[in-house]
Amino acid sequence: MKIQGKMFMWLSLFFLAIAVVYGVWSKEPVGTTALVLSFGLSIMIGFYLGFTARRVDVGAQDNKEADVADDAGEVGFFSPHSWQPLALAAGAAFAFMGVAIGWWLMYFSAPLLLFGLWGWVFEYYRGENRTQ
């Protein structure tokens, strides 16, 4: 994780240099603002990764002599049978279509979005999955 933090810190310096050069050369505020915000975002991510790397064990990506198999293992828990992301995606699709077609479509997509989000968040608090 240390190498990713260093990469983002170097990227933030690059964004800062480009923002200064672009701002002086073009005198265009929108692009300069976007580059300064990119600098801020990359420095936040770099600081977080560097801060976290000091508190966790050394990963395989930090060892120059590590193999690909050294980083293998369990990634996390993924719900094998959840239908809630489908409801959430359908609600989001209708909401984005509401921007293109008409805002009235938001009245129909908002309940579907809320239903999908509520179901996904509280999926393991009720029913047969309560004990997982």
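Author: Helix 1 and helix 2 have axes that come within 8 Å and cross at roughly 160° (axes are lines fitted to C-alpha atoms over the stretch in contact, with angles from 0 to 180 degrees between N-to-C directions; helices are DSSP runs of H or I, at least four residues, numbered from the N terminus). Helix 1 is therefore roughly antiparallel to helix 2 (an angle over 145 degrees). The model is predicted, with local features needing pLDDT of at least 70 and side-chain atom pairs pLDDT 80 or more, while totals for chains, interfaces and linings use all residues. Residues are numbered from 1 along each chain, and side-chain values use heavy atoms, without hydrogens or water.

The crossing of helix 1 and helix 2 is left-handed (the near helix is turned anticlockwise from the far one by less than a right angle). The residues of this contact comprise 16 nonpolar, 10 polar and 1 charged (Gly counts as polar).

Helix 2 covers residues 29–53, and its 25 residues should span 36 Å at 1.5 Å a residue, which agrees with the 36 Å between its end C-alpha atoms (the expected span is 1.5 Å times one less than the number of residues). Its buried residues include Leu35, Phe39, Gly46 and Leu49 (under 20% relative accessible area, 1.4 Å probe, protein chains only). The buried residues of helix 2 pack against helix 1, residues 2–26 (contact means heavy atoms within 4.5 Å).

Helix 3 (residues 84–101) and helix 4 (residues 106–121) have axes that come within 8 Å and cross at roughly 155°. These two helices are therefore roughly antiparallel, and helix 3 passes helix 4 in a left-handed crossing. The residues of their contact divide into 14 nonpolar, 5 polar and no charged.

Methods:
Parallel < 35°, antiparallel > 145°, perpendicular 65-115°, else oblique. Buried < 20%, exposed > 50% of the residue type's maximum accessible area, 1.4 Å probe, protein only.
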